[in-house]
Amino acid sequence: MGVLFVLAVGLVAGVISGIVGTGSSIMLVPVLAAVYGPKAAVPIMAVAALMANVSRVLAWWRSVDRRAFVAYGAPGALAAAAGARTLLVLPPRAVDLAIGAFLVAMIPGRRWLASHLVRLRLIHLALGGAVIGFLTGIVVSTGPISVPLFVAYGLAKGAFIGTEAAGSLAVYASKILTFRGAGALPTEELTKGLVVGASLMAGSFLAKPFVLRLSPETFRFAMDGLMLLAGLSMVWSGLSPG
């Protein structure tokens, strides 16, 4: 029953993240921790997230901004490997607090940038990719942090979802290879991640028709809602006692 519940939540999470571009970890990590244990949840979610990003790239392949992908993904992948190696050094709760506060603050920040017609450039994506990649190596997921970065660059709907997924794909691939090389991703957990990832992939393809019908403003409101939910959940995680 636990596995079926994980798959059901994975399908729903795949649809939601397929519409807004990220956020599957917010729904899945608590479920994975409850069914498989908190220690196993990190590598399992890494594999599942990799597969989810593959599906989003395939669904929006023609809309991917290649230059933005390379600018973000190359430094992000290198930094993710470094972050994964320092996973046991930094206090995860402090990282959760910092990321959560950043996400909540970026809701008015994104609107200020939009109202003042401020657009990020490729160099900003590269710098952001390095920082986010490093943090992704340390914590379970930092997907929502990349939302304001790509939106401020000027991407929306399919272009945003596909490009963000391609950049995250590079980051998670690096993280998984680092885990695997360090012996932190045994075959059993790799298999579980593949199974969970399959449900996320199915949900991502089911979401495409909904994205095509979204107006740009509705999409931006969905982004704000996701960042608020993710930010508050990470602040709560950082403040909760062990």
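E188 is exposed, at a relative accessible area of 56%, where exposed stands for over 50%, buried for under 20% and partly exposed for values in between (1.4 Å probe, protein chains only). The side chain of E188 meets that of K192 in a salt bridge, with 3.4 Å from N to O; the term requires a side-chain nitrogen of Lys or Arg within 4 Å of a carboxyl oxygen of Asp or Glu. K192 is partly exposed, with a relative accessible area of 22%. Both E188 and K192 belong to helix α9 (residues 187-213), where 4 residues, about one turn of the helix, separate them. The structure holds 1 salt bridge.

The model is predicted, and local features are reported only at a pLDDT of at least 70 and side-chain atom pairs only at pLDDT 80 or more, while totals for chains, interfaces and linings use all residues. Numbering starts from 1 along each chain as its sequence is written, and side-chain values use heavy atoms, with hydrogens and water left out. The pLDDT, which is the predictor's confidence in each residue on a scale from 0 to 100, averages 82 over the chain, and 84% of the residues score at least 70. Confidence is lowest in helix α5 (residues 92-115), with a mean of 70, and highest in helix α4 (residues 66-85), with 93.

The chain comprises 10 helices and 0 strands. These elements are DSSP runs numbered from the N terminus, with helices (H or I) of at least four residues and strands (E) of at least two. Of the 242 residues, 50% count as buried.

Helix α1 (residues 2-20) has 19 residues and reaches 27 Å from its first C-alpha to its last, close to the expected 27 Å at 1.5 Å a residue; the expected span is 1.5 Å times one less than the number of residues. The buried residues of α1 are V6, V9, G10, A13, G14, S17, G18 and V20. They lie on the same side of α1, because they cover an arc of only 165° around the axis, the arc being that of the directions from the helix axis to the C-beta atoms.

One of these buried residues, G14, has a relative accessible area of 0%. G14 and A52 are 38 residues apart in sequence, with their C-alpha atoms 7.2 Å apart in space. L7, also in helix α1, counts as partly exposed at 27% relative accessibility. The C-alpha atoms of L7 and V196 are separated by 6.0 Å, although the two residues are 189 residues apart along the chain.

Together with V12 and M27, I16 makes a nonpolar surface patch of about 220 Å². Patches are made of residues with over 30% relative accessible area and no salt bridge, in which like charges are joined within 9 Å and nonpolar side chains (Val, Leu, Ile, Met, Phe, Trp, Tyr) within 5 Å. The accessible areas come from the Shrake-Rupley method with a 1.4 Å probe, and for residues only the protein chains shown count as cover.

Helix α2 (residues 24-36) has 13 residues and reaches 17 Å from its first C-alpha to its last, close to the 18 Å expected at 1.5 Å a residue. The buried residues of α2 are S24, S25, L28, V29, V31 and L32. L32 has a relative accessibility of 0%. Its C-alpha atom is separated by 9.9 Å from that of G193, 161 residues apart along the chain. A33, in the α2 helix as well, is partly exposed, with a relative accessible area of 24%. A33 and I44 are 11 residues apart in sequence and 9.8 Å apart in space, C-alpha to C-alpha.

Backbone angles complete the account. Just after α2, G37 takes a positive phi of about 100°. K157 has a phi near 50°, a positive value in a residue other than glycine. K157 lies in helix α8 (residues 157-181) and is partly exposed, with a relative accessible area of 22%.
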